[in-house]
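Have a look at the model first, then read on.

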Amino acid sequence: MKKLKVCVYAICKNEEQFVSRFMEHVKEADAVYVLDTGSTDQTVSKLKQEGAIVDQKKIDPWRFDVARNESLAMVPEDTDICVCMDLDEVILPGWRKTLEEIWNQSSINRLKYLYHWSFDEYGNPAVTFYINKIHSRKGYFWGHPVHEVLMTEEMFQEVEGITSDIVVHHYPDSNKSRGSYLPLLELSVKEDPLDDRNMHYLGREYMYYKKWDQAIETLHCHLTLPKATWKDERCASMRFIARCYAYKEYFEEAKLWYEKAILEAPYLREGYIELAYLNYNQKDYESAYYHLKQALKILLKSDSYINEPFAWDYHVYDLLSLVAYELHYYDEAYLYAKKAFEMNPKSDRLEENVKILSHFVETV
């Protein structure tokens, strides 16, 4: 097997708490290059102590793509494989060997691999999808001010592979502000108004900021874009429109958009479950029961960032238990309450529900 030169590159700012863990997991690389964009803590000194090659540069005005490109420029031109990471990420051991085997056995210049973006309180992956930030040194650059993506230079012929044998875990700093995301997304959409991905992200961001009308308008725009053909993301835009209408207390509009979301991607649980919550809050228990049952028929969790934890954790069984109780299906209510508690045994409320419903089962 041909020996390949493999380098990791990253950007960072004030992430000293992650340095040792990060460097331990990327030690299989030939070199680690980090662009620090203005740390005021011990990040830079710790990285250098651990063996990273560090450069410092202030990016003003701030853009993630500019920072990524500056960090990529640090990587030597003779590098065969570049692995882009962040300091709050962990790549599982053995990745180097797997990477070299894949690169030697194929003609790829970019690789998709598993990414556990978030975890539940028990340490189980909550949101998992594939990302593709491993690539050849030449032919690539980063684009978009935020939610930046790896792009190819003109006339470059990309060949992408995929593996589930390389896995990265994401453990973000929950105290870190994402306040810059909204203006950067607005800038991104202004720069490229036909980019469907960032139009969707901007609409979602408006929703996070409770800017309901702006979110609805932007998500509508996403759905009209020529490139907005990925059904999973279209379904998410429709669900977000429905959420906004529900928060505005336009419940019929919300119901309509949840139904559209289900029709757009009937293989995803999320639309059914969110509509069931709306049904439950409006005391339409029969409809809630139906939609939850439909959701549970879907056994395959998607491998995209669209999947949401509430569709696959205890929430669906908890709600189904409450709905079954309202419909006087006490045996079912009890079984679903037990299932919810088994999945979230730290919840006092779920434990109490099991106790209460066990009494109903015994006395009916």
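Is the crossing of H12 and H13 left-handed or right-handed? It's left-handed, meaning the near helix is turned anticlockwise from the far one by less than a right angle (clockwise would be right-handed).

## Ground rules

This is a predicted model, where local features need pLDDT of at least 70, side-chain atom pairs count only at pLDDT 80 or more, and totals for chains, interfaces and linings use all residues. Residues are numbered from 1 along each chain as its sequence is written, and side-chain values use heavy atoms, with hydrogens and water left out.

## The H12/H13 pair

Helix H12 (residues 315-326) and helix H13 (residues 330-343) have axes that come within 8 Å and cross at roughly 160°. That makes H12 roughly antiparallel to H13, a label for angles over 145 degrees.

On the H12 side, the contact (heavy atoms within 4.5 Å) includes Tyr317, Leu320 and Tyr325; on the H13 side, Tyr336, Ala340 and Met343 are among the residues involved. The contact residues split into 10 nonpolar, one polar and three charged.

## H11 and its cover

Helix H11 (residues 285-296) has 12 residues and spans 16 Å from first C-alpha to last, close to the 16 Å expected at 1.5 Å a residue. Its buried residues (under 20% relative accessible area, 1.4 Å probe, protein chains only) include Tyr289, His291 and Leu292. Helix H9 (251-264), helix H10 (270-281), H12 and H13 are among what covers them.

## H8

Helix H8 (residues 231-247) is mostly covered, with 14 of its 17 residues buried. Just after H8, glutamate 249 takes a positive phi of about 65°.

Conventions:
Axes fitted to C-alpha atoms, helices over the stretch in contact; angles between N-to-C directions. Helix = DSSP H or I, 4+ residues; strand = E, 2+ residues; numbered from the N terminus. Parallel < 35°, antiparallel > 145°, perpendicular 65-115°, else oblique. Nonpolar A, V, L, I, M, F, W, Y, C, P; charged D, E, K, R; others polar. Expected span 1.5 Å × (residues − 1). Buried < 20%, exposed > 50% of the residue type's maximum accessible area, 1.4 Å probe, protein only.
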